[in-house]
Amino acid sequence: MVSVVDTSPEADAATLEGLRLAFETIRGKNFDQELSECRSAEEFEGLKEDLELFRDHILVDIDDLLLRVETAAQEENESDSAGRDDDAYDRYKDSRAEAYFADQELSEMLGSLRGDS
């Protein structure tokens, strides 16, 4: 929307005010949903760039929104990291169980050859 409308310093004041009102509507109604749908670093960066476009063209304050994007991106990154740690532990645990059962089977086979059973 911003890139289609003339936002140069010579632009109509009413047009710029309309864009600012539209941005405030987005801030109040749509931003939380947009933020909650971000899952990757690229999506967070895209949202940040969109906000900066509004700031640069219609001179709105976005500092609070940028902070929320950065916080959410960090939380998502930490969550991903914890998930990778959990996956690594699960793989380790599974490999240890497989090794234990393989050792058990080997002991049973050797025991049967020796006549221990």
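Tutor: The side chain of Arg27 comes to 2.4 Å from the backbone oxygen of Asp61. Keep in mind that this is a predicted model.

Student: What makes the approach of Arg27 to the backbone oxygen of Asp61 a polar contact?

Tutor: The cut-off for a pair of N or O atoms is 3.5 Å. The distance from the Arg27 side chain to the Asp61 oxygen is 2.4 Å, so the pair is within the limit. Arg27 itself belongs to helix 1, residues 13-36. Leaving aside residues up to four places away in sequence, Arg27 touches Asp61, Asp64 and Leu65.

Student: Why are Glu24 and Arg27 said to form a salt bridge?

Tutor: The N to O distance between their side chains is 3.1 Å, and the limit is 4 Å, so the pair qualifies. Glu24 and Arg27 are three residues apart in helix 1, which means about one helical turn separates them.

Student: How many salt bridges does a search of the whole structure find?

Tutor: The search finds six. Another one of them links Asp56 with Arg55, with the closest N and O atoms at 3.1 Å.

Student: Why is the aromatic pair called tilted?

Tutor: The structure holds one aromatic pair. The ring centres of Phe23 and Phe54 are 4.9 Å apart, and the limit for pairing is 6.5 Å, so the rings pair. Their planes meet at 45°; stacked needs under 30 degrees and edge-to-face over 60, so the pair is tilted. The pair links distant parts of the chain, with Phe23 in helix 1 and Phe54 in helix 2 (residues 41-58), 31 residues apart.

Student: What makes Phe23 and Phe54 buried?

Tutor: Buried means under 20% relative accessible area. Phe23 has 1%, so Phe23 is buried. Phe54 has 12%, so Phe54 is buried too. Across the protein chain, buried residues make up 20% of the 117 residues.

Student: Why is Leu113 called exposed?

Tutor: Its relative accessibility is 73% and exposed means over 50%, so Leu113 qualifies. Leu113 lies in helix 3, residues 63-114. Together with Leu106, Met109 and Leu110, Leu113 makes a nonpolar surface patch of about 430 Å². The protein chain as a whole exposes about 8,600 Å², with carbon and sulfur atoms supplying 51% of that area.

Student: What is the pattern of the protein chain along the sequence?

Tutor: The pattern is α-α-α, from three helices and zero strands. Of the contacts in the protein chain with a separation of 6 or more, 54% are between residues 24 or more positions apart.

Note on methods: Residues are numbered from 1 along each chain as its sequence is written. This is a predicted model: local features need pLDDT of at least 70, side-chain atom pairs count only at pLDDT 80 or more; totals for chains, interfaces and linings use all residues. Side-chain values use heavy atoms; hydrogens and water are left out. Helices (H or I, at least four residues) and strands (E, at least two) are DSSP runs, numbered from the N terminus. A polar contact is a pair of N or O atoms within 3.5 Å; within protein, one must be able to donate a hydrogen and the other to accept it, and residues adjacent in sequence count only if both atoms are side-chain atoms. Contact means heavy atoms within 4.5 Å. Rings of Phe, Tyr and Trp (its six-membered ring) pair if their centres lie within 6.5 Å; planes under 30 degrees apart count as stacked, over 60 as edge-to-face and the rest as tilted. Buried means under 20% relative accessible area, exposed over 50%, partly exposed in between (1.4 Å probe, protein chains only). Patches are made of residues with over 30% relative accessible area and no salt bridge: like charges are joined within 9 Å, nonpolar side chains (Val, Leu, Ile, Met, Phe, Trp, Tyr) within 5 Å. Accessible areas come from the Shrake-Rupley method with a 1.4 Å probe; for residues, only the protein chains shown count as cover.
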